[in-house]
Amino acid sequence: MTAGEHTQTPPNEGPFTTRQLLRLDEALRQADETTGLSFSVYCGRLDEPVREAAEKLHSQLAEPSRSVLLAASPEQRQLEIVTGEVARKRLHDRDCKLAAFSMAAAFNGGDLAGGFISGLAMLVNLAGRS
C-alpha cells in the first residue's frame, strides 16, 4: 500500500478497520513526503519462499529502485522489508532489522496496524529527510 492506495483486499475483508487504514495511509503519505522514497505495505499470505515472494511484490511497484516494501504474513508469522537500489543507500540491513524488531513486537501483541506504523516511523527516522 502506497500513499493513496489500500491493502490488497477490500477494507471489510482485510485485517484492518477503516480507521486503521486511514492511519496507515497517513503514515505512508508522511513517509513518502519526508524521505522522498516510496513506502508500501503488504499484509497477507506470501508464497514460499517468503523472501522471494516479497521481492517479487517489490519489483511490481511503480518505482522499485526508490521503494521500500514492508510485507507481513501474520498467519505465517513472516515479515520482510525489501528496499530498492536507491532506498538501500539510505536504509541499510541493520536499519531494516531494527524496524522489523519493532514491528514484530507490535504484531505479537496483536496490533498489525500499529506495527506497520511504528516500523514506518523508525524507517523514516533512519532514512532521514530527502
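Q: What do the buried residues of α1 pack against?
A: In this predicted model, the buried residues of α1 pack against β1 (38-43) and α5 (112-127).

Q: Which residues of α1 are buried?
A: The buried positions in α1 are L21, L24, A27, L28, A31, D32 and T35. They cover an arc of only 130° around the axis, which puts them on the same side of α1.

Q: Why do residues three or four places apart point the same way in an α-helix?
A: An α-helix has 3.6 residues a turn, so residues at that spacing point the same way.

Q: And which residues are exposed on the other side of α1?
A: On that side, T18, R19, L22 and E33 are exposed.

Q: What should the 18 residues of helix α1 span?
A: Helix α1 covers residues 18-35, and at 1.5 Å a residue it should span 26 Å. The end C-alpha atoms are 26 Å apart, which agrees with that expectation.

Q: Turning to T35, is it buried or exposed?
A: T35, which is found in helix α1, has a relative accessibility of 0% and therefore counts as buried, the cut-off being under 20%.

Q: Which residues does T35 touch, leaving out those up to four places away in sequence?
A: T35 touches R90, V124, A127, G128, R129 and S130. As for S130, its C-alpha atom and that of T35 are separated by 4.6 Å, although the two residues are 95 residues apart along the chain.

Q: A change of topic: how much space lies in the largest pocket?
A: The largest pocket holds about 190 Å³ of space.

Q: Which residues line the largest pocket?
A: The lining consists of A72, S73, P74, R77, Q78, L79, A104, F107, N108 and L112. The elements that give two or more residues to this lining are β2 (67-73), β3 (78-83) and α4 (93-108).

Q: Which element gives the most to that lining?
A: α4 gives the most, with three residues.

Q: What is the lining like by class?
A: By class, there are six nonpolar, three polar and one charged residues in the lining of the largest pocket.

Q: Finally, where does V86 lie?
A: V86 lies in helix α3, which covers residues 85-88. V86 is partly exposed, with a relative accessible area of 39%.

Q: What does V86 touch, not counting residues up to four places away in sequence?
A: V86 touches L37, S65 and R66.

Note on methods. Residues numbered from 1 in each chain as written. Predicted model: local features only at pLDDT ≥ 70, side-chain atom pairs only at ≥ 80, totals over all residues. Heavy atoms only, no water. 1 Å grid on protein atoms, 1.4 Å probe; cavity = no way out; pocket = protein on both sides within 12 Å on 5 of 7 lines; lining within 4 Å. Points joined across faces, edges and corners; volume = space filled by probe spheres on them. Helix = DSSP H or I, 4+ residues; strand = E, 2+ residues; numbered from the N terminus. Nonpolar A, V, L, I, M, F, W, Y, C, P; charged D, E, K, R; others polar. Buried < 20%, exposed > 50% of the residue type's maximum accessible area, 1.4 Å probe, protein only. Contact = heavy atoms within 4.5 Å. Expected span 1.5 Å × (residues − 1). Arc of directions from axis to C-beta.
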